[in-house]
Structure formats: structure tokens, C-alpha cells
Amino acid sequence: MRTRVLLEAHHGATYEQILGHALTAEEQGFEAFFRSDHYLGVERGNPRFVPTDSWTTLAGLARETRRVRLGTLVTAATFRLPGVLAVTVATVDAMSGGRVELGLGAAWYTEEHQMFGIPFPPIKERFDRLEEQLSIITGLWTTPPGERFSFEGRHYRVDECANFPRAAQSPRPTLIVGGGGPRRTPTLAARFADEFNAGFGPGVSERFVRFRRICEEVGRDPAGVRLSAAVPVFCGSDQTEVTRRVETMPPGRLLDQAVCGTPDVVVRRLMEVAESGADTVYFHIFDVEDLDHLRLLGREVLPSLAG
């Protein structure tokens, strides 16, 4: 099982705090460090939240880390034009020496769009735009030198592009499509993605089953796509430490579906995730000031998973 860190800082985070988590994840043996792509936190309208831009910070991490893979889970397709996003991700990939992965989704957080003046179309249009974005991004990344790429959709158009963003990875950076939707998300993942992320909470196993069935419908071998899930984690060496970490989060869905316990409890839960079909797990972390949490997971949980 690939073990990754997904940081979604409760009150936001400075670049230095994000860097601290990325370096700690690397030194503890995690395979990747990912961050969310949000301009608001889990408490809507929390004035303490300090936003940072995901791809700006990942560019910095690309130069300050050496081994750990880097990416977003997931970038909102509403935030950036597809051509711009293709150039941005390829640039960061080159800066990292080929360690970048792009997670892309249709976006869901209404309030952050309203607060920052970002258009937020109805859900059908958001998925239509996501589909066109995936077509454009993969087209720009994979068109051979000397050829041109064009695309005309309902929402985006690319005319005879001859200047392609070149990433360090070949043939292109890894693409992740994630979400819990029953049809369009797994269908887009089956068509475009290297990894399908089923989110977290109840129903992950059923989403994997549905995704495999859709792969077969579109003519893709499901064995060629990685399957991943996110697990909110509040781990402590004893119950007192567990309680202290749990109390950093407000009540709500994330906390209700989190794994809260000592390392053996976390290991058992992750084994259940693996049995559901996942080959990759993201440790969903929220307290940006608690690097000891990552160190505990690296010291007490990762070796058990490797064994």
C-alpha cells in the first residue's frame, strides 16, 4: 500500500508550516505529500483561516524536497483555465524533477467561490467543464513536437497550439480524478486518469466496484488504474493524546468519519481500506502545528503497513 499525507490545514497554513509538513512526511517515509486546493477551511467563514495557493506552494516544495511526490487532492476545475493549469503543473513537475501529480475535480465548495468572486456554475456545467479541461490538459501534454493541438468545446477552445508545456515525466504527469459521484466522476476517471480516488467514509468499496465496471464499459483495463481513498486520522500514543488531537477539530462529517485511536487502531482501519480495494491511502491531516502527529504515524503505523 502506498502511504501519502494529505494536508488540509484547519485554520490555513503559512508556506513555512506547509514546508515543515512536507519535509517531515519525506523524512518519515511517506511516499507523497499532497495538499488540498481550497481558499476556505472546514469551518465555513472562519476568519482565522489564512488561504494559500496550492500550485504556488507546490512550486516551492518542488525545490525544497528531494524524494516525496507532490500534488493536489484535488484541484478545483473552476479555479484555473485548462491551458494555464497545464502549463503550471508541467512547470512545477520540471522543477521537482518529475514528482508531480495533478488531482482534478469539478469543485463543490460554494462559499469559497462566492467569497473570492470565482464563478460557480450548476453541477452539470461544472462536470462538462471538467471533461473539457481533462481533454485539453492531456492534449497539450501529449501532442508530439512539431504537431499542433486544437480543441473546440462548449466552454473552452484551443486554436492550433504549437507551444506545449513539457513536464519532466513521460509521457505526462500523473492524473488523479476523484469524487464520490455515482457516474460522471468514475467515467471521467476511467477515460483520463491514472488514479481514481474514491474519497472517504462509507461507500468507498462500492465506488471501487462501480469504477471497475465503468472501466470495462469504456474498454479500459481497471487493473491499469490505481485506486485510492482518504482517511481522516487522529492518532495518539495513548488515549489522552488521541483526545487532545480530536479536540482540535470541530464536530462534523470529517470528525465523524475519522479514525481516532492509537496506532494499532489506525493500522486495523487501514487494512480494512486495503481490503476494500485501495492500493493507496491518504492520511488526511488537519493540525498544521502538530508535526509530532506525522512522526508518530511514520514511526508506529507505516512499518506495520509495510509488513
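**Close-up views of a predicted model**

View A. Thr-57 has its place in helix α2, and, when residues up to four places away in sequence are left out of the count, Thr-57 touches Tyr-15, Ile-18, Arg-35 and Thr-52. Val-92 stands 35 residues from Thr-57 in sequence, while the C-alpha atoms of Thr-57 and Val-92 are 9.9 Å apart in space.

**View B. Helix α2 and the elements it packs against.** Helix α2 runs over residues 54–64, and its buried residues are Ser-54, Trp-55, Thr-57, Leu-58, Ala-59, Leu-61 and Ala-62. These buried residues pack against the helices α1 (15–27) and α3 (82–96), and also against the strands β2 (32–35), β3 (69–72), β4 (75–76) and β5 (100–105). At the start of α2, the backbone nitrogen of Trp-55 has a side-chain oxygen of Asp-53 within 3.3 Å.

**View C. The largest pocket.** The largest pocket has a volume of about 1100 Å³, and the elements that give two or more residues to its lining are β4, α5 (123–142), α6 (184–192) and α9 (253–256). Among these, α5 gives the most to the lining, with four residues. The lining is made up of 44 residues, of which His-38, Trp-108, Gly-179, Phe-200 and Arg-253 lie nearest the centre of the pocket. Sorted by class, the lining of the largest pocket has 21 nonpolar, 14 polar and nine charged residues.

**View D. The second largest pocket.** A volume of about 240 Å³ is found for the second largest pocket, whose lining consists of 14 residues, with His-11, Arg-48, Asp-287, Val-288 and Glu-289 lying nearest its centre. By class, the lining of the second largest pocket divides into five nonpolar, six polar and three charged residues.

**View E. The largest cavity.** Rolling a probe the size of a water molecule over the atoms shows where empty space is left. The structure holds two cavities of 30 Å³ or more, and about 140 Å³ of space lies in the largest cavity. Its lining has 15 residues, and those nearest the centre of the cavity are Ala-9, Arg-35, Ser-36, Phe-49 and Thr-52; Arg-35 and Thr-52 are also among the residues that Thr-57 touches. The lining of the largest cavity has eight nonpolar, five polar and two charged residues.

**View F. The second largest cavity.** The second largest cavity, with a volume of about 40 Å³, is lined by Val-233, Phe-234, Arg-245, Thr-248, Phe-286, Asp-287, Asp-290 and His-293. These lining residues divide into three nonpolar, two polar and three charged. Asp-287, which belongs to this lining, also lies among the residues nearest the centre of the second largest pocket.

**View G. The whole chain, for orientation.** The chain holds eleven helices and twelve strands, and its C-alpha atoms fill a box of roughly 60 × 40 × 40 Å, taken along the principal axes. The radius of gyration of the chain is 19 Å, which agrees with a compact globule, because a globule of 307 residues would have a value near 19 Å. Of the 307 residues, 56% count as buried, and among contacts with a separation of 6 or more, 74% are between residues 24 or more positions apart.

Definitions and conventions:
Residues numbered from 1 in each chain as written. Predicted model: local features only at pLDDT ≥ 70, side-chain atom pairs only at ≥ 80, totals over all residues. Heavy atoms only, no water. Buried < 20%, exposed > 50% of the residue type's maximum accessible area, 1.4 Å probe, protein only. Contact = heavy atoms within 4.5 Å. Polar contact = N/O pair within 3.5 Å; in protein donor to acceptor, adjacent residues only side chain to side chain. 1 Å grid on protein atoms, 1.4 Å probe; cavity = no way out; pocket = protein on both sides within 12 Å on 5 of 7 lines; lining within 4 Å. Points joined across faces, edges and corners; volume = space filled by probe spheres on them. Nonpolar A, V, L, I, M, F, W, Y, C, P; charged D, E, K, R; others polar. Rg over C-alpha atoms; globule rule 2.2 N^0.38 Å.
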